[in-house]
Amino acid sequence: MGVLSRQKILGRMKQPRPDKRQHIVDRDFDAGVVITPMPLNEDWSDDAVNLRLGNHFLLPQSPPQPFIVLDDVKLDQTRVHVPWGEYLVLPPHHTVLGSTLEFIKLPLDLAGQILTRSSIARTFIIIETAPWIHPGYRGCLTLEIANVSNTPVLLHPGIAIGQLLLLTVDLNDEEKQERETLKGSYIGPTFPEAPTFKSLREQLQKVGVDHPKVPTLPWSSDDATAERAKATTLAPVK
Amino acid sequence: MNGDERSRALLHDTAACYRFVKSTSAACRLNSGFPSYSDPTRKLIAHIRDLSLSTQDFLQTFPSQNPDDPAKYRSKREQLWLIRAAWKSLHFYVQPAVDANTLNVPTELVQLLTQRVRAIDNCESLEFAVIHTDKLNYFQFPPGDFQQTVIDLGDVVSAKWAFPPDLGLIALPHSQAQHLFLNGLLAHEIGHFVFAKLNCFDRITAAISEGLRAAFAPPIDTALNATQLQQFPEVLQDWAEELFCDLFGVYLLGPSFVLASIELFDLPNILAADGTMDARAAGSQFKFEWSHPARLFRLSRQTALLESLGWWNAISENGSHHIRIMDLCRNLRQGSFSYEEVVAPLGSKIIDAFFRTVESIEAEVARVTEKLRNGDGRAREIAEFVELKDVISTYLCQAVIPSTLFVGNEFRKPSAIVLLNAAHLFYLSGIEDLMSNSDKPDLSDIRQRDIWMERVENWTTKGLEDIALPNERGG
């Protein structure tokens, strides 16, 4: 697995040659990298390209209960749009979901990794905790931005915040064929999207747990929580 | 009432008015946080806020001149009445403006439309604040309505700020902000503002009079009563302005505007099972109404304009049923239309008068939008559209935003109009191809279609945003 150089990335960006007659799965197109809008000259380094911060953010909301269950329930998040020139204040020890300005499309033989730019990292801003980008991915990258410093930080859309590295992946033809369709939970997002989870019960059934425990709260009026509590108290855990 | 009683009553009512103004304008207290607004909307909100502060300052000193004189008291009462009446009017605009933050209006599209309009002579400084409405309709607030209220109020309270004359107010259905393609209809509403701004009516009024004279030649004209003589020109004026704005929308956005009109007018339902026009379903669409020409008439003129601009040849092979509907409307004749809000044969005579006016209206909108075309009268973007429409479709079909294309061994940024139109056509005819590229596609699943249709609109919106960046070529 090697990291692609600037020239190799640019070479792969020049690879897609859309066929006017054929919309469906064009192999030349599949082989190409897309980064749009096109990064500026100064955003390239020998082995990486800078990615800029987009305009959309998802602000986490405090849930009604003092914990988050990684279940198939949707988390409450408030979407905000920050126009060019404006900024979002990220208070100390707070988090927000953002996204890259650039939309990325990777071919099936390349994976990517997004890293916090070193200068940004030195302000104790972390932009990614899930930095791996799978082959075939397409979309703006969701950034899990955390301010771990003791000072508020202003986030202006358009600043170069991360670096994208591309790496080759050895997939055989069979594996490539399996990945030829558009798969995954997040296809082509253009702004940060709230996480999606499979049902907690379904996930844990795979390890033999039919009734996962979830704490109940005396003030909770949530039917689902009540149901879980009921199940927790009545059903034996295997 | 004696002087003291008058004074106390006036103090009380002034304070009540103060509270009314303060609460009405409370939502306009902008801060640097969220939500965010486009510059024109921010201007509108700030103007209402400043007007509120001026009103409150005025009311603060208002009762100090003790109205011993009953005539002065009467004058004060009238001023209070004027202030309240003005703020009752402004109340209508406050929440719709405050709700229309950049997340809830199609900001990229409005910027594109503004940029296009500014290419027109004497429209270089126009800008548009898009605000919400609970009606499922797009409309433009006639400049006079809001501005006159503001001017009248400003005179009473001695406000220091004048409302920007080049700021248009347009209403967008509050639920439709994310529907990029449908929102192309904003171009029609911008047309209303331009129509008033450039006094276009003055240039077609003679044609309307001439049309009426010719259509209502004796002996019919002698049978018209005074009401009809006044009413008919007004009906034609409304129809003329609507047609002007439709054609203006076509000049601004190209086929995308027409496709949006078809959706808003619900015209796909006129298609019969065999793809021809279902006469019964289409019946009402041939009828002119007092405020608007018949929908199929409007569509026929829009399509005719697409032909003359060179768009039709570039889009006619698209497989969408929307194109079929446009094709069916291309050769509708005058006799197909009716106006039934007056007794026969007056309806057909009014339509006759209007048809005699159409050429002048079309000439006027062509004159206004001259800078949006090439010297040969064709739309500037046709050649680029023909070159790139399939490339853009391929990118979208691969779930990729088509804002940086690799074509002919170079990176290309399509123009916004080309991207919008190619993507709109893909939205109508390419969703199944896109779905076929996905995991476990079910073309009959409406939820799946909804997801992919939304994605295409999001990608197009992001593409328009990317294109608007003052980017330089990388690499």
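**A strand and its partners**

Guide: Two bridges join strand β8 (residues 125-126) of chain A to β10(A), and the two run antiparallel. Strands pair if DSSP finds at least two bridges between them. Here A:Ile126 has A:Ala146 of β10(A) as its bridge partner. This is a predicted model: local features need pLDDT of at least 70, side-chain atom pairs need 80 or more, and totals for chains, interfaces and linings use all residues. Residues are numbered from 1 along each chain as written, while chains are lettered from A and ligands numbered from 1 in written order. Helices (H or I, at least four residues) and strands (E, at least two) are DSSP runs, numbered from the N terminus.

Stay with β10(A). This strand spans residues 138-147 of chain A. Is it mostly covered or mostly open? It is mostly covered, with eight of its ten residues buried. Buried means 20 or more other C-beta atoms within 10 Å of a residue's own; exposed means 12 or fewer, partly exposed in between, with C-beta atoms placed from the backbone. Strand β6 (residues 95-105) of chain A also pairs with β10(A). That pairing is antiparallel and has eight bridges. Within β10(A), A:Glu144 stands opposite A:Leu97. Strands of a sheet pair through backbone hydrogen bonds, either parallel or antiparallel.

Now another sheet in chain A. It is open, with four strands in the order β2-β12-β7-β9 and antiparallel pairing. Strands β2 (49-52) and β9 (132-133) of chain A each have a single partner strand, so each has one side without a neighbour in the sheet. β2(A) is joined by four bridges to strand β12 (residues 160-168) of chain A, and the two run antiparallel. A:Arg52 has A:Ala160 as its bridge partner in β12(A).

Move to chain B. It has 19 helices and seven strands. Its C-alpha atoms fill a box of roughly 85 × 75 × 45 Å along the principal axes. Of its 475 residues, 45% count as buried. Take the contacts in chain B between residues at least 6 apart in sequence: 81% of them join residues at least 24 apart. A contact means C-beta atoms, placed from the backbone, within 7 Å.

Chain B has an open sheet too. Its three strands follow the order β1-β3-β2, and the pairing is mixed. Strands β1 (127-133) and β2 (139-141) of chain B stand at the edges with one partner strand each, so one side of each lacks a neighbour in the sheet. The twist averages 35 degrees from one strand to the next. β2(B) pairs in the antiparallel sense with strand β3 (residues 167-173) of chain B, over three bridges. B:Gln140 has B:Ile170 as its bridge partner in β3(B).

Next, helix packing. Helices α7 (residues 200-215) and α15 (residues 346-368) of chain B pack at about 155 degrees, with their axes 8 Å apart. Axes are lines fitted to C-alpha atoms, for helices over the stretch in contact; angles run from 0 to 180 degrees between N-to-C directions. α7(B) and α15(B) are therefore roughly antiparallel. Angles under 35 degrees are roughly parallel, over 145 roughly antiparallel, 65 to 115 roughly perpendicular, the rest oblique. The crossing of α7(B) and α15(B) is right-handed. Its contact residues divide into eleven nonpolar, three polar and five charged. Nonpolar covers Ala, Val, Leu, Ile, Met, Phe, Trp, Tyr, Cys and Pro; charged covers Asp, Glu, Lys and Arg; the others, Gly among them, are polar.

Helix α4 (residues 107-117) of chain B meets helix α19 (residues 446-468) of chain B at about 50 degrees, with axes 9 Å apart. α4(B) and α19(B) are therefore oblique to each other. Their crossing is left-handed: the near helix is turned anticlockwise from the far one by less than a right angle, clockwise being right-handed. B:Glu108, B:Leu109, B:Gln111 and B:Leu112 of α4(B) make the contact with B:Thr461, B:Leu464, B:Glu465 and B:Ala468 of α19(B). By class, that contact of α4(B) with α19(B) has four nonpolar, two polar and two charged residues.

One last pair. The axes of helix α1 (residues 3-24) and helix α3 (residues 70-99) of chain B come within 10 Å and cross at roughly 15 degrees. That makes α1(B) roughly parallel to α3(B). α1(B) passes α3(B) in a left-handed crossing. The contact of α1(B) with α3(B) has ten nonpolar, three polar and four charged residues.

Methods. Contact = placed C-beta atoms within 7 Å.
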